[in-house]
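The tour moves from stop to stop, with something to select at each.

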Amino acid sequence: MSTPLLSLRREGLRGVITGAGSGIGRACLDLFLAHGARVDAWDRSPDALADLSGQGNIATRVVDITDAESVATAASEATESWGGIDFVVNCAGAFLVGPLAEVPVDAVRKVFDVNVLGTTVVTQALLPALVASQGAIVNVASSVALKATPSNSHYAASKAAVAHLTRCWALELGPQGVRVNAVAPGPTTTTIYQSAGMSAEQESTLLRERAATIPLRRVGEPVETARWIARFALEDDWTTGTVLPIDGGMSL
Ligand SMILES: NC(=O)c1ccc[n+]([C@@H]2O[C@H](COP(=O)([O-])OP(=O)(O)OC[C@H]3O[C@@H](n4cnc5c(N)ncnc54)[C@H](O)[C@@H]3O)[C@@H](O)[C@H]2O)c1
């Protein structure tokens, strides 16, 4: 018999994954369920959650993480229905590409609203439950939070904020037994680029150009990031304040 990959904190861990309808969040959901976790799957898109209804160990909630009131309601319903919360994975995010000279201010505001304030509002709403369970927070930053790139400065800055919140929250919450870590993925094949308004052709050009600059010469798959998120969320280890690049060496 093979040794299980993860050494779980305990059986049947309960928690929230935001952005669970697609991409990296969906890959997390699949992996967490495979490890016996019970997951409250949040997404702003009802369509993205539709195929999950009626499955065991999942509750789905249509939540826009920029809406603090709806987040507060979802957090209290999730905590009550599972009897506690052991982890939160802040995966929902928005992408923005465009040079400084052209980027609309409203788009900049929106990307910070989702990536920085959304991550904050969700974590704040679940914090009492996470403190009670000595739980784990996993944020999703980006390799561009670690290494500057041209043409997506505001997205990169929003993810640099997520990385720094991770370190600050780790200091603040460590004494209460809550671990806070982040992953920093490189370019990964998901729907995020087309959701940000890029055409399929622009997306494939961007991913091809990025792949050519990555030491391992390819972009990532969602499960490659989900595996590390699972370790941070489900295991009981000594990491906190880590911002782990998962990017084929892109951020070197
Ligand atoms: N794909 C990449 O290349 C890449 C690289 C680095 C970091 N990331 C980050 O990974 C995370 C997941 O993105 P992905 O690539 O899997 O994209 P994705 O578009 O496949 O999935 C994102 C999900 O989040 C949901 N979402 C977006 N805004 C939301 C909101 N306000 N409230 C609730 N749900 C919302 C979307 O409906 C979608 O289902 C994001 O934080 C993204 O910034 C992605």
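About 190 Å³ of space lies in the second largest pocket of this predicted model; a pocket here is, on a 1 Å grid over the protein atoms alone, an open set of points where a 1.4 Å probe fits, with protein on both sides within 12 Å along at least five of seven lines, and its volume is the space filled by probe spheres set on the points, which are joined across faces, edges and corners. Select Arg-218, Gly-220, Glu-224, Asp-247 and Gly-248, which are the closest to its centre of the 13 residues that line the second largest pocket, a lining residue being one with an atom within 4 Å of a point. That lining divides into 5 nonpolar, 5 polar and 3 charged residues, where Ala, Val, Leu, Ile, Met, Phe, Trp, Tyr, Cys and Pro count as nonpolar, Asp, Glu, Lys and Arg as charged, and the others, Gly among them, as polar.

A note on reading the numbers: residues are numbered from 1 along each chain as its sequence is written, and side-chain values use heavy atoms, with hydrogens and water left out. Since the model is predicted, local features need pLDDT of at least 70 and side-chain atom pairs count only at pLDDT 80 or more, while totals for chains, interfaces and linings use all residues.

Next, go to the largest pocket, which has a volume of about 950 Å³. Which residues are the closest to its centre? Select Ala-92, Gly-93, Ala-94, Phe-95 and Ile-192, which hold that place among the 48 residues of the lining. The elements that give two or more residues to this lining are helix 1, strand 2 (38-43), helix 4, helix 5 (153-173) and helix 6, with helices (H or I, at least four residues) and strands (E, at least two) taken as DSSP runs and numbered from the N terminus. Helix 4 gives the most, with 4 residues, and the lining as a whole divides into 25 nonpolar, 17 polar and 6 charged residues.

Rings of Phe, Tyr and Trp (its six-membered ring) pair if their centres lie within 6.5 Å, and planes under 30 degrees apart count as stacked, over 60 as edge-to-face and the rest as tilted. Phe-95 lies in the loop between strand 4 and helix 4 (105-133) and Tyr-193 in helix 6 (residues 192-195), so the pair ties together parts that are 98 residues apart in sequence. Both Phe-95 and Tyr-193 are buried, meaning under 20% relative accessible area, where exposed is over 50% and partly exposed lies in between (1.4 Å probe, protein chains only).

A search of the whole structure finds 3 aromatic pairs, and one to visit now is Phe-32 with Phe-87, edge-to-face at 5.1 Å centre to centre and 70 degrees between the planes. Because Phe-32 lies in helix 1 (residues 23-34) and Phe-87 in strand 4 (residues 87-90), the pair ties together parts that are 55 residues apart in sequence, and both Phe-32 and Phe-87 are buried.

Now select Cys-28 and Cys-91. Are these two cysteines buried or exposed? Cys-28 counts as buried at 0% relative accessibility, and Cys-91 is buried too, with a relative accessible area of 12%. The sulfur of Cys-91 is 5.3 Å from the closest cysteine sulfur, in Cys-28, too far for a bond; a disulfide is a pair of cysteine sulfur atoms within 2.5 Å, and by this rule the count comes to 0 disulfides.

Two loop residues come next. Most residues other than glycine have a negative phi. Asn-57, in the loop between helix 2 (46-49) and strand 3 (58-62), has a positive phi near 65 degrees and counts as partly exposed at 40% relative accessibility. Gln-134, in the loop between helix 4 and strand 5 (136-140), has a positive phi near 55 degrees and is partly exposed, with a relative accessible area of 46%.

Finally, zoom out to the protein chain, which has 8 helices and 7 strands, and whose C-alpha trace spans about 50 × 45 × 40 Å along its principal axes. Buried residues make up 51% of its 252 residues.
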